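Subject: Structure handover

Hello,

I am passing this structure on to you. Please open it before reading my notes.

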Amino acid sequence: HLLGLIACESGKNMIAVDLITRALDLKPDYAEAHSNLGNALRNLGRSVDALASYEKALTINPHYAEALNNQGLVFQDIGKLDEALTSYQKAVAIKPNLFAAHNNLGIVLKRLGKLEDAVTSYQKAIAFKPGLPEIHNNLGNVLQKLGKLDDAVSSYHKAIVLKPDYADAY
């Protein structure tokens, strides 16, 4: 499993699928391995298979917030925003400090036109992980859409301070 995780993080997703599948042959009730298999499959563009892996992980551990977050990413990829929204909401309900799920929730809320709710999600993500410029940039984008230009500039500035070469924030 861990070798497969390293392969996935190295961009060798076919190898990751093979290694994690071998781990699951030995321990089929390993929720984390199912979720990581889903990540490798998602990276390969195999959305249906990725969703099946996340479902297996969640069947084994229904309170696995990271698997719910990952599931939301696939739903988002395939345009099922309501399903993504539900996955992210469940993830943050289970694990309120999961900053990635708050950020992803903000992205979906923005796409659904729920801008004030998106601001709240981004602010929660920043509270848990203030050092990620992408979240500050995402917040700035929503604040700009809301016409809160001074606040948007402040968010973009924070993103640039954290990542001076961040073209999107400029």
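Below are my notes on confidence, helix packing and a salt bridge.

This is a predicted model, in which local features need pLDDT of at least 70, side-chain atom pairs count only at pLDDT 80 or more, and totals for chains, interfaces and linings use all residues. Residues are numbered from 1 along each chain as its sequence is written, and side-chain values use heavy atoms, without hydrogens or water.

Confidence comes first. Among the elements, H6 has the highest mean, 98. Helix H1 (residues 2–9) has the lowest, 93. Helices here are DSSP runs of H or I, at least four residues, numbered from the N terminus.

Next, the packing. Two packed helices are described by the angle between their axes and the distance between the axes. Axes are lines fitted to C-alpha atoms, for helices over the stretch in contact, and angles run from 0 to 180 degrees between N-to-C directions.

Start with helix H6 (residues 81–94) and helix H7 (residues 99–111). Their axes come within 9 Å and cross at roughly 150 degrees. H6 and H7 are therefore roughly antiparallel (an angle over 145 degrees). Contact means heavy atoms within 4.5 Å. On the H6 side, the contact residues include Leu81, Leu85 and Tyr88. On the H7 side, they include Leu105, Val108 and Arg111. By class, this contact has 10 nonpolar, three polar and one charged residues. Nonpolar covers Ala, Val, Leu, Ile, Met, Phe, Trp, Tyr, Cys and Pro; charged covers Asp, Glu, Lys and Arg; the others, Gly among them, are polar.

H7 also packs on helix H8 (residues 115–128). The angle is about 160 degrees, and the axes are 8 Å apart. H7 and H8 are therefore roughly antiparallel too.

Now helix H3 (residues 31–43) and helix H5 (residues 65–77). Their axes come within 10 Å and cross at roughly 20 degrees. H3 and H5 are therefore roughly parallel (an angle under 35 degrees). Ser35, Asn39 and Arg42 of H3 meet Ala67, Asn70, Leu73, Val74 and Asp77 of H5. That contact holds three nonpolar, three polar and two charged residues.

Last, the salt bridges. The whole structure has five (a side-chain nitrogen of Lys or Arg within 4 Å of a carboxyl oxygen of Asp or Glu). One pairs Arg22 with Asp18, with the closest N and O atoms 2.8 Å apart. Both lie in helix H2 (residues 13–26), four residues apart, so about one helical turn separates them.

Best wishes

Methods:
Helix = DSSP H or I, 4+ residues; strand = E, 2+ residues; numbered from the N terminus. Parallel < 35°, antiparallel > 145°, perpendicular 65-115°, else oblique. pLDDT = per-residue confidence, 0-100.
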